[in-house]
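Welcome, and please take a moment to look over the sequence and the 3D view shown here. The paragraphs after it will walk you through the structure step by step.

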Amino acid sequence: MGNSEEAAAATNVALKDTGAPTIFDKIVKKEIPCTSVYEDDKCLAFKDISPQAPVHIVLIPKERDGLTQLSKAEERHKDILGHLLYVAQLVAKQQGLDEGFRIVINDGAQGCQSVYHLHIHIIGGRMMKWPPG
Ligand code: AMP
């Protein structure tokens with residue numbers, strides 16, 4: 001792991017789900033800008049500010065509704081979770097990721113989650129490695 005990756009990991013471990021509004025609420029409210037690539041009544045997809053591949057999109061539910069992280073999912077979230085996964089592959093196609101792509105949901109400190117508003121990373125445009133770091 002490089003120094004910057006170590007620093008990022010340490011920062012993420014320090015972050016916890018407090019339920020406080022996140023930067024993604026501000027993006028949904030258009031209080032801060034994003035480069036949007038897809039939007040419908042339930043979700044919004046935009047370019048990651050720190051891309052880890054030629055294509056790196058973040059897909060979020062517009063209403064967080066307690067879904068700060070995947071492990072907080074409840075029965076009522078099944079519809080939005082299914083919708084997000086369906087939209088993820090639409091966005092991947094729209095982005096031209098015909099050779100494949102990776103879907104990532106980081107959960108909690110050890111999952112290196114940094115923003116506590118559930119989101120799906122759609123990553124592609126290069127060969128992925130396995131296992132992930
Ligand atoms: P995670 O670490 O899984 O919680 O992912 C959060 C992601 O949000 C990271 O990949 C960040 O680069 C990304 N991110 C944070 N702030 C912004 C922003 N203002 N616009 C776009 N992406 C962002």
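A salt bridge, as the term is used here, is a side-chain nitrogen of Lys or Arg within 4 Å of a carboxyl oxygen of Asp or Glu. Keep that in mind for later, and let us begin with some ground rules. You are looking at a predicted model, in which local features need pLDDT of at least 70 and side-chain atom pairs count only at pLDDT 80 or more, while totals for chains, interfaces and linings use all residues. Residues are numbered from 1 along each chain as its sequence is written, and side-chain values use heavy atoms, with hydrogens and water left out.

Now for the overall layout. The chain has three helices and five strands; helices (H or I, at least four residues) and strands (E, at least two) are DSSP runs, numbered from the N terminus. Of the 133 residues in the chain, 35% are buried. Buried means under 20% relative accessible area, exposed means over 50%, and partly exposed lies in between, with a 1.4 Å probe and protein chains only. Contacts tell you about the fold too: among those between residues at least 6 apart in sequence, 58% join residues at least 24 apart. A contact here means heavy atoms within 4.5 Å.

Back to the salt bridges. Side chains of opposite charge can pair when their charged atoms come close. How many salt bridges does a search of the whole structure find? The search finds six. One of them joins the side chains of K72 and D17, at 2.7 Å from N to O. K72 sits in the loop between β3 (55-61) and α3 (78-94), and D17 in the loop between α1 (3-14) and α2 (23-28), so this pair ties together parts that are 55 residues apart in sequence. K72 has a relative accessible area of 37% and is therefore partly exposed; D17, at 23%, is partly exposed as well.

Another salt bridge links the side chains of E39 and K62, at 2.8 Å from N to O. Here E39 belongs to strand β1 (residues 36-39) and K62 to the loop between β3 and α3, so the pair ties together parts that are 23 residues apart in sequence. With a relative accessible area of 42%, E39 is partly exposed, and K62 counts as partly exposed at 24%. A further pair is K78 and E75, whose side chains meet at 3.2 Å from N to O. Are these two residues buried or exposed? K78 is exposed because its relative accessible area is 52%, and E75 counts as exposed at 62%. Salt bridges that share partners also join K30, E39 and K62 into one network.

What about cysteines? A disulfide is a covalent bond between the sulfur atoms of two cysteines. With the cut-off used here, a pair of cysteine sulfur atoms within 2.5 Å, the search of the whole structure finds zero disulfides. C34 is partly exposed at 30% relative accessibility, whereas C43 is buried at 0%.

Next, turn to H119. The UniProt annotation "active site", from an unreviewed entry, covers this residue; UniProt positions are given in the numbering used here, feature names are shortened, and annotations may be inferred rather than shown by experiment. Where does H119 lie? You will find H119 in the loop between β4 (102-104) and β5 (120-124). Its relative accessible area is 6%, so H119 is buried. Leaving aside neighbours within four places in sequence, H119 is in contact with F24, V58, L59, I60, V104, I105 and Q113. A polar atom of the H119 side chain also lies 2.7 Å from the backbone oxygen of H117.

H119 also brings us to the ligand. There are 15 residues around the ligand, and D48, N106, S114, H119 and H121 come nearest; a residue counts as near if one of its heavy atoms lies within 4 Å. An N or O atom in the side chain of H119 is 2.9 Å from an oxygen atom of the ligand, and for the side chain of H121 the corresponding distance is 2.8 Å. C112 takes part through its backbone, with an N or O atom 3.2 Å from a ligand oxygen. Such polar contacts are pairs of N or O atoms within 3.5 Å; within protein, one must be able to donate a hydrogen and the other to accept it, and residues adjacent in sequence count only if both atoms are side-chain atoms.
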